[in-house]
Amino acid sequence: EIVDKSEIKAKKETDLVEAKEAKEAVMLELEQLSNYDAELHQSCDFVVKNFEIRQTARDEEVEALRQAKAILSGAKFEEFLQA
């Protein structure tokens with residue numbers, strides 16, 4: 001009976017050590033996920049904060065490209081007429 005209890009105790013101690021190691025691994029993973037969450041949150045805040053500015057800049061860029069295309073198309077067409 002003492003041998004059985006000693007074996008049970010040894011098994012429980014082994015289980016406890018494994019559980020502590022698993023807990024440490026989970027805690028580390030949670031910390032890493034928390035850090036990643038903070039990074040994503042910061043990145044999203046930046047995107048949301050600057051959305052209007054970026055959208056206006058893109059609209060202006062698209063309009064400038066349209067004007068350039070029109071000018072170049074017109075220039076090519078005028079050159080064609082002169083020839």
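How many salt bridges does a search of the whole structure find? The search finds four. The points below take up the fold, the surface and then some of these pairs.

1. The model is predicted. Its protein chain has two helices and zero strands. Helix 1 covers residues 2-49, and helix 2 covers residues 51-82.

2. What share of the residues is buried? Of the 83 residues in the protein chain, buried residues make up 1%. The chain has an accessible surface of about 8100 Å². Carbon and sulfur atoms account for 60% of that surface.

3. Which residues make the nonpolar surface patch of about 370 Å²? The patch is made by Val-26, Met-27, Leu-30 and Leu-33. Val-26 lies in helix 1. Its relative accessible area is 44%, so Val-26 is partly exposed. A patch residue needs over 30% relative accessible area, and Val-26 has 44%.

4. Next come the salt bridges, of which there are four in the whole structure. Side chains of opposite charge can pair when their charged atoms come close. One of the pairs is Lys-9 with Glu-13, whose closest N and O atoms are 3.8 Å apart. A salt bridge requires these atoms to be within 4 Å. Lys-9 and Glu-13 are four residues apart in helix 1, so about one helical turn separates them. Is Lys-9 buried or exposed? Lys-9 counts as exposed, because its relative accessibility is 53% and the cut-off for exposed is over 50%. Glu-13, at 42% relative accessibility, counts as partly exposed.

5. Asp-15 forms a salt bridge with Lys-11. Here the closest N and O atoms are 2.8 Å apart. What separates the two residues along the helix? Asp-15 and Lys-11 are four residues apart in helix 1, which means a separation of about one helical turn. Asp-15 has a relative accessibility of 28% and so counts as partly exposed.

6. How exposed are the two partners? Glu-61 is partly exposed, with a relative accessible area of 42%. Arg-58 also counts as partly exposed, at 47% relative accessibility.

Technical notes
Residues are numbered from 1 along each chain as its sequence is written. This is a predicted model: local features need pLDDT of at least 70, side-chain atom pairs count only at pLDDT 80 or more; totals for chains, interfaces and linings use all residues. Side-chain values use heavy atoms; hydrogens and water are left out. Buried means under 20% relative accessible area, exposed over 50%, partly exposed in between (1.4 Å probe, protein chains only). Accessible areas come from the Shrake-Rupley method with a 1.4 Å probe; for residues, only the protein chains shown count as cover. Patches are made of residues with over 30% relative accessible area and no salt bridge: like charges are joined within 9 Å, nonpolar side chains (Val, Leu, Ile, Met, Phe, Trp, Tyr) within 5 Å. A salt bridge is a side-chain nitrogen of Lys or Arg within 4 Å of a carboxyl oxygen of Asp or Glu.
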